[in-house]
Amino acid sequence: MEKSEVLLKIGEKYNPPKGIVERAWIKDYESLYKRSVEDPEGFWGEVAEELYWFKKWDKVLEWNFPYAKWFVGGKTNITYNCLDRHIKKGKGDKIAYIFIDEENREKRISYKDLLSLVNRIANALKDLGIKKGDRISIYMPNTIEAVAVMLACARIGAIHSVVFAGFSVNALNLRIKEAGSRILFTSTYTLRRGKKIDLLSVAKEAVKDAESVERVIVWDRDGEGFKEDEKFLDFYNLIENKSEECEPEEMDAEDPLFILYTSGTTGKPKGVLHTTGGYMVQTYFTAKTVFDLHEDDIFWCTADIGWITGHSYIVYGILANGVTSLIVEGAPDYPDPGRWWSYIEKYKVNVFYTAPTAIRMFMRYGEEWPSKYDLSSLRILGSVGEPINPEAWHWYYKHIGRERCVIVDTWWQTETGAHMITTLPSYPAKPGKAGKPFFGIVAEVVDREGKKVPPNTVGILVIKTPWPSMLRTCWGNPERYEKYWKSIPGNVYNADDLASYDEEGYIMILGRADDVLNVAGHRIGTMEVESALVDHPAVAEAAVIGKPHEVKGEIIKAFVILKKGYEPSEELEKDIKQHVRDTLGPIAVPEEIAFVEKLPKTRSGKIMRRVLKAQELGFEVGDISTLED
């Protein structure tokens, strides 16, 4: 039997501890799931009733393939549900966030004080002439200030576009221009491995030719007094005397909430647009039920707000549930590999959500690190960003969960907005398998013709019906949105992930079907990296593939054809890598570069990356009938 077949037939099950099942919000998955797919509108309408609406919706769903509207005619504001709603119930003094930087400096903020900060920022934005529908880019560290800026935008109906603070000048510049942002929020620096990583100079360079940007608002972290001028304003000076009251804008359920750029296969990143009502409802309900959140829980998602995981499960879904959560800045293993485990012990974290990349990194350091700490407060362990391999699952279960926690493996995407396939805390987990579809989600594994494949065979994961937190379009590019729904027959959403399902309905995700790399849980388009490579003066052509890596999931390997007059050398390799770093950021730098004479191409000139990958990994090359040479 092939190794892949063995993997597909993983059948071992881990039953959740009795105590966890007894307190779970959802005890009977099967009957509720059946109800949710037979009457999705009734189901989601009931969930939405748990939140506050200025005006109730007229209709739960309007579906004109491939465009959906959820909670049609409903008026709400997501920040009202994240903040005011809890304060009105007398929970204003409850801690919303505990922030810790790399030097273990801690800052806490209550729900009441967070609302006051959000309102001051919102009023400052209004005074700058920002109104509903305007775009605002955010290039900030993983901090309370950054979250407050996101919420301030949502408070007044401005659309935020957060750019991960590890991206380079070009990547930031492109995202600002694509969104047409009027304001950029940034910070003087972020901390990483004991170093101050300068963000301000990146921001300054990125706005030079971005004509839409009127102001850059800078959080001067050390109060060193950077030079203010007409365009560059100091964050805390700006909000100092602003009112702490700001009425939330009444947002239509379908009004845009944010744009988040995600890697595409065609070079330019896609601006995924999420709207207010449906996104709010599904992030709230998935956070509540998948993480089984109760009001005394301490929650920690280790992601960055620059990614969808941070948006949904550091900010919106978590605040809507009114719990306390941690925000941590810096590297997981700095100053030592005990950093994360010390926080779980100190803050008595109950629910911990991280990526398999991090787990695999800690596995290399050995179990002696987590064994030094008391992790007994943990109840639920989550996994996100990429499939978790069984070895990492077992290590996580044994050495972090001490064999008494539940692991919820969550599959979803920037485009889906919230969890789509996951294990719930009340039913058995299978290591290596994500679990079953979430409520109201109809998922299937099909071939390229849209026909369902038999159990334990590999196909493409599709979603057959609309869901509340789905993307509504790609900003300024509706054709790219429609492609999600029209690339496989049957009017289905193509997730472009390979998957298989077993006889019990558990789904296993096997990675990307398209040309998107998954490096340490971050999605990077092959085209973006190839464009950066070809932009180097010595490079004529380039192709990149993902190579399996025990820690990062994948690393990038580049195959490069040099222009005439250039010879391969270590110096040139270094220079090309530096060029990619400058163009896209450190995350996109190829770990390996092979200088080649030619690349496998189809007769129409498309590079056949799968041929390169198969050769690299020693697999059968498969059908090469379209190969030119």
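**Close-up 1. Salt bridge between E106 and K346 in the predicted model.** E106 is partly exposed at a relative accessible area of 36%, whereas K346 is exposed at 53% (buried means under 20% relative accessible area, exposed over 50%, partly exposed in between; 1.4 Å probe, protein chains only). Their closest N and O atoms are 3.9 Å apart, a salt bridge being a side-chain nitrogen of Lys or Arg within 4 Å of a carboxyl oxygen of Asp or Glu. E106 belongs to strand β5 and K346 to helix α13, 240 residues apart (helices, H or I of at least four residues, and strands, E of at least two, are DSSP runs numbered from the N terminus).

**Close-up 2. Salt bridge between D333 and R193.** The N to O distance is 2.8 Å. D333 is buried, with a relative accessible area of 9%, and R193 is partly exposed at 37%.

**Close-up 3. Salt bridge between K557 and E592.** The closest N and O atoms lie 3.5 Å apart. The pair links strand β31 to strand β32, 35 residues apart. K557 is buried at 11%; E592 is partly exposed at 27%.

**Close-up 4. Open sheet of eight strands with mixed pairing.** The order is β12-β11-β8-β6-β7-β14-β15-β25, where two strands pair if DSSP finds at least two bridges between them. β12 and β25 stand at the edges, each with a single partner strand, so one side of each lacks a neighbour in the sheet. Four bridges join the parallel strands β6 and β8, and I136 has I183 as its bridge partner in β8.

**Notes.** Residues are numbered from 1 along each chain as its sequence is written, and side-chain values use heavy atoms, without hydrogens and water. In this predicted model, local features need pLDDT of at least 70 and side-chain atom pairs count only at pLDDT 80 or more, while totals for chains, interfaces and linings use all residues.
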